[in-house]
Amino acid sequence: MRIGELAARTGTTTRTLRYYESRGLLTARRGDNGYRTYDEADLVLLRQIRTLQDFGFDLEETRPFVECLRAGHPSGDACPASLAVYRRKLAELDRLVDELGAVRRKVAGQLERAERAREELSAEAEVPGGPEPVCELGGRTS
């Protein structure tokens, strides 16, 4: 198949395929007419790259999977180097989840403090002679 058909079948652009080729992830053969030609193996390879990128892998992280497929394995994650990339990605995701959890706890704490302060201000406003409630936008509530 030619580059346009491969791009359409993988949901990408010809420009992206040329970029993959420049990075050594995709190898085009040339027909007698000079056009790039691809086969079903290239389709499998590109689907592997696209799936990994959808999972958040950067392009370079897909290389071991591509090499595994090129070595003749039926799956790009059948090789030890691919498994190592999975392990690194999982460790990275675990760190991100931990960081997000810490940020979430801080935001929840801020919300709790803000709600308590608002309740205290509201209670003070109900005391005769207490402060007049003020709208968040700077106007008076009356």
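Contact here means heavy atoms within 4.5 Å. In this predicted model, residues 24 or more positions apart account for 41% of the protein's contacts with a separation of 6 or more. The protein has 142 residues, and 25% of them count as buried.

**Overall build**
- Five helices and two strands make up the secondary structure.
- Along the sequence, these elements follow the pattern α-α-β-β-α-α-α.

**Nonpolar core**
- The largest nonpolar core holds 16 residues.
- Within this core, L6, L17, Y20, L26, L46 and I49 touch the most other members.
- Four helices each supply at least two residues of this core: α1 (3-10), α2 (14-22), α3 (40-54) and α4 (63-70).
- The largest share comes from α3, with four residues.
- Beyond its neighbours within four places in sequence, I49 is in contact with Y20, L25, L59, T62 and V66.
- In soluble globular proteins, nonpolar side chains tend to be buried together.

**Packing of α1 against α3**
- The axes of α1 and α3 come within 10 Å and cross at roughly 40°.
- Angles under 35 degrees count as roughly parallel and 65 to 115 as roughly perpendicular, so α1 and α3 are oblique to each other.
- The crossing of α1 and α3 is right-handed.
- From α1, the contact uses L6, R9 and T10.
- From α3, the contact uses E40, D42, L43, L46, R47 and R50.
- By class, the contact of α1 with α3 has five charged, three nonpolar and one polar residue.
- L6 and L46 take part in this contact, and both are among the core residues that touch the most other members.

Note on methods: Residues are numbered from 1 along each chain as its sequence is written. This is a predicted model: local features need pLDDT of at least 70, side-chain atom pairs count only at pLDDT 80 or more; totals for chains, interfaces and linings use all residues. Side-chain values use heavy atoms; hydrogens and water are left out. A nonpolar core is a set of buried Ala, Val, Leu, Ile, Met, Phe, Trp, Tyr and Cys residues joined through side-chain atoms within 4.5 Å. Buried means under 20% relative accessible area, exposed over 50%, partly exposed in between (1.4 Å probe, protein chains only). Axes are lines fitted to C-alpha atoms, for helices over the stretch in contact, and angles run from 0 to 180 degrees between N-to-C directions. Angles under 35 degrees count as roughly parallel, over 145 as roughly antiparallel, 65 to 115 as roughly perpendicular and the rest as oblique. A crossing is left-handed if the near helix is turned anticlockwise from the far one by less than a right angle, and right-handed if clockwise. Ala, Val, Leu, Ile, Met, Phe, Trp, Tyr, Cys and Pro count as nonpolar, Asp, Glu, Lys and Arg as charged, and the others, Gly among them, as polar.
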